Amino acid sequence: MFKNLIGGEWVEGAAVSRNINPSDTRDVVGEYAQADAAQARLAIAAAHAAAPAWALTTPQQRFDILDAAGSEILARRAELGDLLAREEGKTLPEAVGEVVRAGNIFKFFAGEALRASGDVVASVRPGVGVEVTREPVGVVGLITPWNFPIAIPAWKLAPALAFGNAVVLKPADLVPGSAWALADILQRAGLPAGVFNLVMGRGSVVGQALLDDERVNAISFTGSVGTGKQVAAACVARMAKFQLEMGGKNPFIVLDDADLNVAVSCAVNSGFFSTGQRCTASSRVIVTEGIHDKFVAAMVEKMKSIKVDDARKAGTDIGPVVDEKQLAQDLEYVAIGKGEGATLAAGGEALGRNSAGAPGFYMTPALFTDTTAQMRINQEEIFGPVVSVIRVKGYDEALALANDTPFGLASGIATTSLKHATHFKRHAQAGMTMVNLPTAGVDYHVPFGGRKGSSYGPREQGRYAAEFFTTVKTSYTQA
């Protein structure tokens, strides 16, 4: 049984949860401790006690620990990738890629610990010196989702530690294994007791304890819009800092002048890889009428070769959906699309078992055509392998439809026109834009985040992460 990490000690939970492999529901990955509210408060107390000393450590001390953790993650990429694929369901190559990303994130922020800088500026008053520096926020609560079980904890945890904060991490209940492995690596990398605490358990219990406790100075959350609003309300009520990454309904535009192979490859990757379970996934493909029919025909043909199977089997393109509840939701949206009058051009069927006969949460990726922008399948985040195509007359209409959403995380376009690519990058109402690239797939050393209903607060990743995990101090000295 895998325990919680509180104050440097591995602690049994108030209950136990079984981590199930979605590729083969007979396979139990492990049994993981479930913390109650009292244990969550103990973790917060441990972080609160450890925070002052950790904030005063040298950049070299923080570099050494984070760099060691990154090195171990990279050295164990095959083992950790297999664990990730087994518990979450993304294919093994995708899972190994995510582990590599997590290792690189730790190494990047190890460097950021050494690169921390400030400003020395002239005062408007003679004989006065002014220094602008950054200090840690204090105790940070991290609440992470199930779709990236090691990368998202890494890109929150690494900067939090690099900038001198103490941390309490509550990973998603569905995928505790990768977060536990991360905790084990950091524990052995030499973090002082209490600087990092892992409390696995229900969001309504552990997450709520983080939101309610005055000792938690900041909350970084990735998850649903509804829960994000609850996080915001709770933090505002006690004036805690908060950062939200939530939903998306990301568009991908295909113009008449696009390279057809590039457009199809980007749309398939954006919409279906990782079983469509990415907040940056593109579920709305907006296609101009001159290329529409050729694009749809090429998409349908391409989808015939997509292999849906066990996530860890060689040759699998798409693994299972993460659990039974998510599968039911995906299939419900397929039914909704049909009911709204859209044409199901391909896929959208539950499979039930993989090629070896093992039970799992499988479905064939679905492609809808003859859709309108007002349909629910084009308005609501499905978070599964369901893509719809909207036909438009030209670029202006495509851009207007792309921006006609309460979300604004990622937006993409396939075109060979420099004019349209340049205009799109400036006018797409999204935090990230992609030209002739999938909307899902970003670098670890640059900012990640959106606008409108997708994100709130400073960006994650890259040097911009300092905006959330530090606070600015201005110091004056009379010479």
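**View 1. Strands and a helix around the second largest cavity of this predicted model.** Strand 12 (250–254), helix 13 (395–403), strand 17 (407–408) and strand 18 (410–414) each contribute at least two residues to the lining of the second largest cavity. The space inside this second largest cavity comes to about 60 Å³. Its lining is made up of 14 residues, and those closest to the centre are P251, A402, T405, F407 and G408. Sorted by class, the lining of the second largest cavity holds six nonpolar, six polar and two charged residues.

View 2. The class count for the lining of the largest cavity is four nonpolar, seven polar and three charged residues. For orientation, a search of the whole structure turns up three cavities of 30 Å³ or more.

**View 3. E245, a position annotated in UniProt, and its contacts.** An unreviewed UniProt entry lists E245 under "active site". You will find E245 in strand 11, which covers residues 241–245. E245 counts as buried because its relative accessibility is 4%, under the 20% cut-off. Setting aside neighbours within four places in sequence, E245 is in contact with F221, T222 and G223, with L409, and with F448, G449, G450, S454, S455 and E460.

Terms used
Residues numbered from 1 in each chain as written. Predicted model: local features only at pLDDT ≥ 70, side-chain atom pairs only at ≥ 80, totals over all residues. Heavy atoms only, no water. 1 Å grid on protein atoms, 1.4 Å probe; cavity = no way out; pocket = protein on both sides within 12 Å on 5 of 7 lines; lining within 4 Å. Points joined across faces, edges and corners; volume = space filled by probe spheres on them. Nonpolar A, V, L, I, M, F, W, Y, C, P; charged D, E, K, R; others polar. Helix = DSSP H or I, 4+ residues; strand = E, 2+ residues; numbered from the N terminus. UniProt positions renumbered as here; feature names shortened; annotations may be inferred. Buried < 20%, exposed > 50% of the residue type's maximum accessible area, 1.4 Å probe, protein only. Contact = heavy atoms within 4.5 Å.
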